[in-house]
Amino acid sequence: MATATPTAAATATPTDKVYDLVVLPGDGIGKVCCEVTIKVLEAAGLKANWHHGDIGWEFWCNEGNALPQRTLDLIDRYRIVLFGAITSKPKAAAEAELAPELRGKGFVYYSPIVSLRQHYGLDICVRPCQSFEGNPLNFIRRTATGGFEEPRVDVVIFRQNTECLYCGVEWTNPPDAVYNSLMTHPKMKNFATVPRPELAVSCRIFTREACRRICSAAFEYANKYGYRSVTVCEKPNVVRETSGMMEEEAKIAQKRFPHIQLWSTNIDAQMMWMTKNPEEYGVIVSSNMFGDIASDGFAGLVGGLGFASSANLGRDIAVFEPTHGSAPKYAELVPSIVNPIATILCACQMLDYMDLKPMADKIRVAIRRVIREGRVRSYDMMKLRGGPEVIAQGAASTQQIADAIIAALAL
């Protein structure tokens, strides 16, 4: 058994409460996706004061900081965030786009979403990958008899969100203290003849507390929503210390839920099994990079990043973001053609977090109705190459998709 699909009987609970929420539209398509998502939330009955915060490339270029302190102050006050999208570029490109008066002054670009996760300890990332009936982008495979079948995918990935290779502890041409420490490891003899300026090092750091929290959260979710298994997806046969720690904590967490099976897969094998039998997986728990890889892979089975939402959860602050990027090449198109469903699904996760699950499920039912009926489809659902011409080819605009979901809310 997996998560029950919301039905039309799930109706939003009327409430007169007005919530104070932060919205960080960010870069590119994040702006329009947040805009239409707020309209859907309002149509579903949410009453909120939306506090807009500054984040992203514009503020890096003009201020040397993609995550200004005033935005952190806003989050500190209101604590629940709907996030749009972020543009990130390599080090040299980021430096080149700084305002002239800021260049050469020691500013370093860091991804603001990664910085948010680390600053607030948003260590639990929840990424549902669930197929929608009628979505032409759903995964299809050939049967043994030569026909075709469409397995139902209902996977929820728990990704450790603050550690691993994404923690930012890395060097090119490592300083003496780092280099000398590294050279005490017997495996470093393979690099003893490498000139230090040609050596780059990135640290894969795990802590037991973070592993414990993400594994416990995965099993608690599986228990709450009726999943029969939790799969720990790592690479302990090669990355023994860090992946080994994650596996140890998964085994400890499973002891509290003996009715839930604990499976173990290597990340490379998981990518193969993902397209052979995706319907057999339920909850997957993984480290930061492997969870990033696995969640994008499973997202590809349910329509791509236009349907991939996520929740970044800390102890008392939560940020809800689609997993897609800012798609700057589409940001200036009028009308906008991007698929807003991932951001709307993020809003549903936000409502769940706010104990407004009936309202969230009502929106999910509306989304499922629109996709199943197939009259309003984004360009990606029509398998068209993105561009202004797709509207003439029958693709719906971003606003039209939102309008269809709003109309379905009334049914």
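Reader: How many cavities of 30 Å³ or more does the count come to here?
Author: In this predicted model, the count comes to 1 cavity of 30 Å³ or more. The largest cavity has a volume of about 40 Å³.

Reader: Ok, and which residues line the largest cavity?
Author: The lining is made up of Arg127, Pro128, Cys129, Ser295, Asp296, Ala299, Ala308, Ser309 and Thr323. Strand 4, which covers 124–130, and helix 10 each supply at least two residues of that lining, and by class the lining has 4 nonpolar, 3 polar and 2 charged residues.

Reader: What about pockets, how much space lies in the largest pocket?
Author: The largest pocket holds about 1,100 Å³ of space. It is lined by 40 residues, and those closest to its centre are Tyr109, Tyr110, Ser111, Val114 and Glu170.

Reader: Which elements give two or more residues to the lining of the largest pocket?
Author: Among them are strand 3 (80–85), helix 4 (91–96), strand 8 (170–172) and helix 10 (288–301). The largest share, 5 residues, comes from helix 5.

Reader: And what classes of residue does the lining of the largest pocket have?
Author: By class, that lining has 19 nonpolar, 11 polar and 10 charged residues.

Reader: Switching topic, which residues touch the most other members of the largest nonpolar core?
Author: Those are Leu46, Phe158 and Ile363, in a core of 70 residues. Beyond its neighbours within four places in sequence, Leu46 is in contact with Tyr19, Leu21, Leu41, Leu351, Met354, Leu356 and Met359. Another core, of 26 residues, lies apart from the largest one, and its members include Leu72, Val81, Ile86 and Leu122.

Reader: Now Arg213, is that buried or exposed?
Author: Arg213 counts as buried because its relative accessible area is 19%, and the cut-off for buried is under 20%. Its place is in helix 7, residues 208–225.

Reader: So what is Arg213 in contact with, leaving aside neighbours within four places in sequence?
Author: The contacts of Arg213 are Asp123, Ile124, Leu313, Gly314 and Arg315.

Notes. Residues numbered from 1 in each chain as written. Predicted model: local features only at pLDDT ≥ 70, side-chain atom pairs only at ≥ 80, totals over all residues. Heavy atoms only, no water. 1 Å grid on protein atoms, 1.4 Å probe; cavity = no way out; pocket = protein on both sides within 12 Å on 5 of 7 lines; lining within 4 Å. Points joined across faces, edges and corners; volume = space filled by probe spheres on them. Helix = DSSP H or I, 4+ residues; strand = E, 2+ residues; numbered from the N terminus. Nonpolar A, V, L, I, M, F, W, Y, C, P; charged D, E, K, R; others polar. Core = buried A, V, L, I, M, F, W, Y, C linked by side-chain atoms within 4.5 Å. Buried < 20%, exposed > 50% of the residue type's maximum accessible area, 1.4 Å probe, protein only. Contact = heavy atoms within 4.5 Å.
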